[in-house]
Amino acid sequence: MSVEVALESVTKRFGDVTVLDGLELRIPRGEFVAVVGQSGCGKSTLLRAIAGLEPISAGRIELDGERVDGPSNRVRVMFQDDRLLPWQTVGRNIELVTKDPAATAQVLDSVGLGAKADAWPSTLSGGQRQRVALARALASDPELILFDEPLGALDAFTRVEMQKLIENLWEERGFTAVLVTHDVAEAVALADRVIVLADGRVSVDRRIDLPRPRRRDQAFYSHEEDIFNRIIDRQGLTS
Ligand SMILES: Nc1ncnc2c1ncn2[C@@H]1O[C@H](COP(=O)(O)OP(=O)(O)OP(=O)(O)O)[C@@H](O)[C@H]1O
């Protein structure tokens, strides 16, 4: 299950600060888009707006042609902090969404934590907690998952493991995915398209036409280097 996302002339102001400025973006069903850009360029604001968590000042955001005017059950967001309820077990955290023990067991299995249903979140590692957060995001079978720097606090090895897991689950389930990340290599590893945000708009929209799973080869590094340089240079050309 997946959804098409369309942003038309989206502007977002906080007081006199314009964060998004007539932004245009269309994401077809099932596509994986990564959003990168300098700190403070509006990546999280964009994600929150798509999630219906942040009202926009002008323009239009649509999911399959329907205007977004608040949070929807079709959409889930995964954040850098896991936001698990510490007074509930791992299983209960998921069951609050699924309302069904069998579905809970199944989704915990899908993130490799079938044996941890009765554990307390505080007894898990950071990587395991993010797996639970991922399971919770998947639990309602959403059509769109918005990832806001979900792996930012993890060590490099756990991060690569989680990237593989996210890629596998995305391929299996077919949801539309938008990933905000500071890590250009992560964007190139996971995305069909990498978007660079600058001056409140999409300044680069680059298709990553490499086979999956992605190998760290010359073509990979060439995408990474080029996108990185464009963020640094703040060039405004669409590639
Ligand atoms: N609730 C708010 N009120 C006022 N200003 C805000 C609010 N939320 C975000 N901003 C401002 O909007 C701009 C964009 O913030 P945002 O968090 O979207 O950027 P970002 O690209 O995600 O940053 P980072 O990469 O550092 O996480 C920043 O200048 C920020 O200070």
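**Briefing: a helix pair and an open sheet**

In helix α4, Gly127, Gln130, Leu134 and Leu138 meet Thr158, Met162, Ile166 and Leu169 of helix α5; contact requires C-beta atoms, placed from the backbone, to lie within 7 Å. The residues of this contact comprise five nonpolar, three polar and no charged; Ala, Val, Leu, Ile, Met, Phe, Trp, Tyr, Cys and Pro count as nonpolar, Asp, Glu, Lys and Arg as charged, and the others, Gly among them, as polar. The model is predicted: local features need pLDDT of at least 70, side-chain atom pairs count only at pLDDT 80 or more, and totals for chains, interfaces and linings use all residues. Residues are numbered from 1 along each chain as its sequence is written.

**The helix pair**
- The axes (lines fitted to C-alpha atoms, for helices over the stretch in contact) of α4 (residues 126-138) and α5 (residues 156-173) come within 11 Å and cross at roughly 15°.
- The two helices, α4 and α5, are therefore roughly parallel to each other (angles under 35 degrees).

**The sheet**
- An open sheet with mixed pairing contains six strands in the order β6-β7-β8-β3-β9-β10; strands (E, at least two residues) and helices (H or I, at least four) are DSSP runs, and two strands pair if DSSP finds at least two bridges between them.
- β6 (75-78) and β10 (201-207) stand at the edges with a single partner strand each, so one side of each lacks a neighbour in the sheet.
- Strands β3 (residues 32-36) and β8 (residues 176-180) run parallel and are joined by four bridges.
- Val35 stands opposite Val180 in β8.

Key: Axes are lines fitted to C-alpha atoms, for helices over the stretch in contact, and angles run from 0 to 180 degrees between N-to-C directions. Angles under 35 degrees count as roughly parallel, over 145 as roughly antiparallel, 65 to 115 as roughly perpendicular and the rest as oblique. Two residues are in contact if their C-beta atoms, placed from the backbone, lie within 7 Å.
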